[in-house]
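Keep the structure open beside you and take the points in order.

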Amino acid sequence: MISGEDILITGGAGYIGSHLVDALVERNRVTVLDNLSTGKMSNIQHNMKREEFRFIKGDIESIETVKKAAKGCSIIIHEAAVVGVKHYVVDPLKVLLVNSRGTENILEVARKTDAKVVFASTSEVYGRSKELPLREDGERLLGSTSIDRWCYSTSKAFDEHLCFGYHKKYSLPVVILRYFNSYGPRAEGSEYGGVIPVFINRVLRNNAPQVHGDGMQTRCFTYISDTVEGTLLSLEKKNAVGEVINIGSDVETTILGLAEKIILLSGKKLKSEFIPYESFYGKSYEDIRRRVPDVSKAKRLLGWGPKVNLEDGLRMTITWYGRVVH
Ligand SMILES: NC(=O)c1ccc[n+]([C@@H]2O[C@H](COP(=O)([O-])OP(=O)(O)OC[C@H]3O[C@@H](n4cnc5c(N)ncnc54)[C@H](O)[C@@H]3O)[C@@H](O)[C@H]2O)c1
C-alpha cells in the first residue's frame, strides 16, 4: 500500500473519490479539490479534522486553482468530471467543456510538478461496441454526434487521448482506468441513472423498481472496494504507466435480474414495473444491450481481479442505504 505521499484527489467529495480518500488518508497526506456540484461534504466530513487531510472547494476548470491544490503533490488521482446521464441529455456542452478543459488543466499542472496521474475513464468509451468482452485495444463504436448521449463517451475518449499525448510528448507518468458500473455506499442515483441506488431507494420505500425497456440489457456491476483496490494498485505498479486498463467485474447481470435480487435481499414483496426508454430520456437516447469487460490486462499488470460478488455487495449497499433512507 502506498504511503508517505502527498496526493491530490480531484472529485474527492464524490462517490469513488471519497472512498479513495478513506483508503489513502491513513498513510498519506490527501488534498481534495471538488466544486461540490455532485459531491457532498457528508462524504468527507469524517476526515475534516485530520491533519493529513485538506479540502479545497474549487473548480478544475481554473488552472490557478488546480496549481494551488496540486502544490507539493507527487500523485494526482483525477476523478472529477461531469458525470451522469442527466447531464448528457440536459447539458451536453457542460459535459464536453468541463471534462476536456479540466483534464487538460490537471495534465498541464502534473507535467510542471512531475506528478504521476491516474485518470478515471469509463466503460462508456466503448460506446455500443459488440466485440465482447471489451478489450482495451478493441474498437469503439459510437452513434451520430446529433445524439447527445455520446457526448460523455466522447469527452472521456478525448481525455484519454490527452493523457496519451502528455505521456508521449512529455513522458508524463499516467495511467488510464476504465471503470465499469461501480456501486456501493455513497453512490448517487437520480431519475436518470445509477441503477443500483435508484432501485434500492425505491424498494426500501416500498415502491417497485422501474425497469427500462424489457430489462434484458446487461451490465457488470463492480463493488466499490474492488474499484478502489484497482485504483490503488495502478498507483503502485510501474508497468501500469502509459496504459489503459479496464477495472470492472466481468459477471453479467440483466437489469431485470438485478431488480429482482434487490427486492429479494431487501425482504420486500414487490414486482418490477416496465417503462419504455423513450418516455424517460426522449427520442435521442440510445441504450447499450451488453457491456462486459475483458479484465485480463488488469490481472496481468496489476494483479487485480474483482473479489466481491453481487449478492454480498448488494447486501452491504442495502444495509448502508437502510441507514440513510427515511
Ligand atoms: N461510478 C461509476 O460507476 C463510474 C463508472 C465509470 C467512470 N466513472 C468515473 O469516475 C469518476 C468519479 O465518478 P463518481 O461516480 O464518483 O461520480 P461523482 O459525481 O460522485 O464524483 C465526481 C466528483 O467530481 C466533482 N466535480 C464535478 N465537476 C467538477 C469541477 N468542474 N471541478 C471540481 N470538481 C468537480 C463533483 O462534485 C463530484 O464530487 C468520474 O470521472 C467518472 O466519469 C465512474
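This is a predicted model: local features need pLDDT of at least 70, side-chain atom pairs count only at pLDDT 80 or more; totals for chains, interfaces and linings use all residues.

**Notes on the sheet, its helices and the ligand**

1. Let's begin inside the sheet: strand S1 (residues 6–10) and S4 are paired in parallel through four bridges.

2. Is S4 covered on one face or on both? Both faces are covered, with Ile75 and Ile77 buried on one side, and Ile76 and His78 buried on the other.

3. Now step back to the whole sheet. It is open, has seven strands and pairs in parallel, in the order S3-S2-S1-S4-S5-S6-S11. The edges are strand S3 (53–57) and strand S11 (244–247); each has a single partner strand, so one side of each lacks a neighbour in the sheet. On average, neighbouring strands are turned by 20 degrees against each other, direction ignored.

4. Val30 has Phe53 as its bridge partner in S3.

5. Helix H5 (residues 150–170) packs on the sheet, where it touches strand S5 (116–122), strand S6 (174–179) and S11. The direction of H5 makes about 155 degrees with that of S5. With 21 residues, H5 reaches 30 Å from its first C-alpha to its last, close to the 30 Å expected at 1.5 Å a residue.

6. Which residues of H5 are buried? They are Trp150, Cys151, Tyr152, Ser153, Thr154, Ser155, Lys156, Asp159, Cys163 and Tyr166. Their cover includes helix H3 (85–90), H4, S5 and S6. Just after H5, have a look at Ser171, which takes a positive phi of about 55 degrees.

7. Helix H7 (residues 224–236) lies across strand S4 (75–78), S5, S6 and S11, and runs at about 165 degrees to S6. H7 has 13 residues and spans 19 Å from first C-alpha to last, close to the 18 Å expected at 1.5 Å a residue. Its buried residues are Ile224, Asp226, Thr227, Gly230, Thr231, Leu233 and Ser234.

8. Why does Trp304 count as buried? Because 23 other C-beta atoms lie within 10 Å, and the cut-off for being buried is 20 or more. Leaving aside neighbours within four places in sequence, Trp304 is in contact with Glu229, Gly230, Leu233, Ala298 and Lys299. Trp304 and Ile247 are 57 residues apart in sequence, and their C-alpha atoms are 8.5 Å apart in space.

9. Finally, turn to the ligand. Around it are 30 residues, of which Gly11, Gly14, Gly39, Ala81 and Thr122 come nearest. Helix H1 (15–24), S2, helix H4 (92–113) and S5 are the elements that give two or more residues to this shell. H1 gives the most, with three residues. By type, the shell divides into 13 nonpolar, twelve polar and five charged residues.

Notes: Residues are numbered from 1 along each chain as its sequence is written. Two strands pair if DSSP finds at least two bridges between them. Axes are lines fitted to C-alpha atoms, for helices over the stretch in contact, and angles run from 0 to 180 degrees between N-to-C directions. Two residues are in contact if their C-beta atoms, placed from the backbone, lie within 7 Å. A residue is near a molecule or strand if its C-beta atom, placed from the backbone, lies within 6 Å of it. Ala, Val, Leu, Ile, Met, Phe, Trp, Tyr, Cys and Pro count as nonpolar, Asp, Glu, Lys and Arg as charged, and the others, Gly among them, as polar. The expected span of a helix is 1.5 Å times one less than its number of residues. A residue is buried if 20 or more other C-beta atoms lie within 10 Å of its own, exposed if 12 or fewer, and partly exposed in between; C-beta atoms are placed from the backbone.
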